[in-house]
Amino acid sequence: MRAVRLVQVRKPLEEADIPIPDIGSFDVLIRVAAAGICHSDAHYRAGISRIDNLPLTLGHEIAGRVEEIGSDVAHVLAGDRVCVHYLVSCGSCEFCVRGLEQFCRSGQMIGKHRDGGYAEFINVPVANAFPLPDEIPFEAGAIMMCSSATALHALNKTRFKAGEAIAIFGFGGLGFSALQLARAFDCGDVYVVEINPAKLASAATMGAIAIDARAADPVEQIKDATAGGGVDVALELIGSAKTMRQAVLCLARLGRAALVGLTAESMSIHPYTELINKEAEIIGVSDHLAAELPALIEFVRSGKLRFPPETLRVVALDADQINAALDALQDSIDHVRTVIVPRV
Ligand SMILES: [Zn+2]
Ligand SMILES: [Zn+2]
């Protein structure tokens, strides 16, 4: 089969002809119909996030049709439409048995620790294959399995409830899903904090109150807009100590700030005035859980979480096209996601 693989870091991905993977008794072989090209793939290629076993087929946002099932697989049939949960876990360690498989002792990420979806076929444990309803195109079924799933996990971690006001710091892929999901939860006012005018405009069209962080302190702007009260929930999706601190400072009493963006910087908080007397909470968010995916899939099926056609661009399973898409990701400022469709 054809696959596009990372052979050497800081070098373009290469096309290879490799055997169709064998499947174990609890695996399914999926014919890839769509594979999202993600920012983390650009980081793997650039050597920013380390990959130990090369060559490796990248791609962790995958949807397709089941081609073949292992001998012990029940409830999934050849021909079924599926989307893939990218974390393969053991199912039996102390974390897995509690449904916290993101901490699995022997967890493997598809497209990082084992071959991913930049290929014609992929084998995954059947537990990682989720039914993809006919209403969801394969392209959306692929890209929803990463940033959208993490945005949902962030909202779940904050125990977000209907009617609550929320501030979203950063309107990239995570923010684009977080805003729609917050609305699907019947949120109160949504504030989107950004410095990019195009993103602010797009957030406003999608029903958010745009907070231009270049114009004035976003915390002051949110406090003014909420009569001094602040928001119930803040999501930091950028990965900067400055915006993390702002996310905490704009909280109301009993507010929860979820930190999702990655940074090596330290943040400072004045415990008494900024946290303790409001009983505010700061919550770390990492990845998402298999248990959350059926709800996510239903939000997309019902149209509450949408990926309009103008936000999707399709490329073939072709090394040049994929490398160019990875190059473009480095400095993209729009919401357009590139999806590999092998048959194009
Ligand atoms: Zn991703
Ligand atoms: Zn485990």
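Which residues of helix α4 (residues 197-205) are buried?

1. This is a predicted model, in which local features need pLDDT of at least 70, side-chain atom pairs count only at pLDDT 80 or more, and totals for chains, interfaces and linings use all residues. Side-chain values use heavy atoms, with hydrogens and water left out, residues are numbered from 1 along each chain as its sequence is written, and chains are lettered from A and ligands numbered from 1 in the order in which they are written.

2. In answer to the opening question, Lys199, Leu200, Ser202 and Ala203 are the buried residues of α4, where buried means under 20% relative accessible area with a 1.4 Å probe and protein chains only, and where helices are DSSP runs of H or I with at least four residues and strands are runs of E with at least two, numbered from the N terminus. Seen down the axis of α4, these residues fall within an arc of 165 degrees, so they line one face of the helix; the arc is that of the directions from the helix axis to the C-beta atoms. They pack against α3 (173-184), β12 (190-194) and β13 (209-212), contact being heavy atoms within 4.5 Å.

3. After the helix comes glycine 207, whose phi is positive, near 100 degrees.

4. The zinc ion (ligand 2) is coordinated at 2.3 to 2.4 Å by the SG atoms of Cys90, Cys93, Cys96 and Cys104, donors being N, O and S atoms within 2.8 Å of the metal (3.2 Å for Na, K and Ca). The 4 donor atoms subtend angles of 104 to 119 degrees, which makes the arrangement tetrahedral, a term that requires all angles of four donors to lie between 85 and 135 degrees. Along the chain the donors follow the spacing C-x2-C-x2-C-x7-C. Cysteine 93 counts as buried at 10% relative accessibility, and cysteine 104 is likewise buried, with a relative accessible area of 10%.

5. In the largest nonpolar core, of 50 residues, those that touch the most other members are Cys83, Met144, Ile166, Ile168, Val190, Leu235 and Phe307; such a core is a set of buried Ala, Val, Leu, Ile, Met, Phe, Trp, Tyr and Cys residues joined through side-chain atoms within 4.5 Å. Helix α2 gives the most to this core, with 11 residues. Apart from it lies another core, of 38 residues, including Ala35, Val82, Ile110 and Leu326.

Definitions and conventions. Four donors count as tetrahedral if all angles lie between 85 and 135 degrees; four count as square planar and six as octahedral if opposite donors are over 155 degrees apart and all others between 65 and 115; anything else is irregular.
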